[in-house]
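The stops below go from selection to selection.

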Amino acid sequence: MADVRKGLIIVNTGPGKGKTTAAMGTALRAVGNGMKVLMLQFLKGSWHYGELDAVQAFGDKFIMKQLGRGFVKVGGAETDPEDIRMVEEAWQQAADAILSGNWDLVVLDEINYAISYKMLDPDKVADVLKRKPEMVHVILTGRNAHPTIVELADTVTEMREVKHAYQKGILAQRGIEY
Ligand code: ATP
Ligand code: MG
């Protein structure tokens, strides 16, 4: 096993289930190795996610914050300026956190959506990723990862949907989906 640490840029994208939960699994692994994790959720969903309560058990080793609102309207011109403002604020927090070097792993959950909805400029994100402290790991999740981010990343995984319970009309299950 490598003992030379190198901060990685990891992207979890694609239409299948598991992007956010895989990032949380990695976060758990990092915390278990004594690392500090910050997870920022860019476009929060409509549910209260169980993980928000679970991570409190880790104290300041694993902080998770929901930024922005749920139910963001899709589509360039129709996007509510308030949502764009909130994404920009979220991005400022994310950039500060990455550049501060205070965190070993920063997870930017659903940031790919924010970029693909044109609420956030991929070049701004790329610029910070290029300047990040060497040791800091960053995970970016969400469908439709931008080519600029994919290009820059070290590890990119595309979740492929083979099938999903939702298609059978099974609604989101507590503890599994939220
Ligand atoms: P998860 O949070 O379960 O890892 P995800 O991050 O890959 O999912 P998102 O695109 O963020 O998926 O979707 C958020 C919500 O939609 C979650 O409740 C998730 O379980 C559900 N979901 C994910 N993929 C699908 C799918 N292919 N069809 C229907 N619902 C899905
Ligand atoms: Mg997700």
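A residue counts as near a molecule or strand if one of its heavy atoms lies within 4 Å of it. This is a predicted model, in which local features need pLDDT of at least 70, side-chain atom pairs count only at pLDDT 80 or more, and totals for chains, interfaces and linings use all residues. Residues are numbered from 1 along each chain as its sequence is written, chains are lettered from A and ligands numbered from 1 in the order in which they are written, and side-chain values use heavy atoms, with hydrogens and water left out.

**Stop 1: ligand 1**

Select ligand 1 and its shell. The shell has 14 residues, and the closest are Lys 17, Lys 19, Thr 21, Tyr 113 and Glu 161. By class, the shell holds 3 nonpolar, 5 polar and 6 charged residues. Here Ala, Val, Leu, Ile, Met, Phe, Trp, Tyr, Cys and Pro count as nonpolar, Asp, Glu, Lys and Arg as charged, and the others, Gly among them, as polar. Color by secondary structure next: helices (H or I, at least four residues) and strands (E, at least two) are DSSP runs, numbered from the N terminus. Helix 1 (residues 19-32) gives the most to this shell, with 3 residues.

Now display the polar contacts, which are pairs of N or O atoms within 3.5 Å; within protein, one must be able to donate a hydrogen and the other to accept it, and residues adjacent in sequence count only if both atoms are side-chain atoms. A polar side-chain atom of Lys 17 is 2.5 Å from an oxygen atom of ligand 1. For Thr 20, a polar side-chain atom lies 2.8 Å from an oxygen atom of the ligand. At Pro 15 a backbone N or O atom is 3.2 Å from a nitrogen atom of ligand 1. Taken alone, ligand 1 exposes 570 Å², and the protein buries 84% of that; accessible areas come from the Shrake-Rupley method with a 1.4 Å probe, and for residues only the protein chains shown count as cover.

**Stop 2: the magnesium ion**

Which residues coordinate the magnesium ion (ligand 2)? Thr 20 (OG1) and Glu 110 (OE) do, at 2.1 Å. Donors are N, O and S atoms within 2.8 Å of the metal (3.2 Å for Na, K and Ca); water is not among the atoms, so sites may look incomplete. The pair links distant parts of the chain, 90 residues apart: Thr 20 is in helix 1, and Glu 110 is in the loop between strand 4 (105-109) and helix 4 (111-116).

Thr 20 is buried because its relative accessible area is 17%, where buried means under 20%, exposed over 50%, and partly exposed in between (1.4 Å probe, protein chains only). Glu 110, at 15% relative accessibility, is also buried. Check its backbone too: Glu 110 has a positive phi of about 65° although it is not a glycine.

**Stop 3: strand 1**

Two strands pair if DSSP finds at least two bridges between them. Strand 1 runs parallel to strand 5 (residues 137-141), joined by 4 bridges; there, Asn 12 has Thr 141 as its bridge partner. Strand 1 also runs parallel to strand 6 (residues 155-158), again with 4 bridges, and Val 11 is the bridge partner of Val 156.

**Stop 4: Lys 118**

Finish at Lys 118, in the loop between helix 4 and helix 5 (122-131). Lys 118 has a positive phi of about 65° and is not a glycine. Is this residue buried or exposed? Lys 118 counts as exposed because its relative accessibility is 68%.
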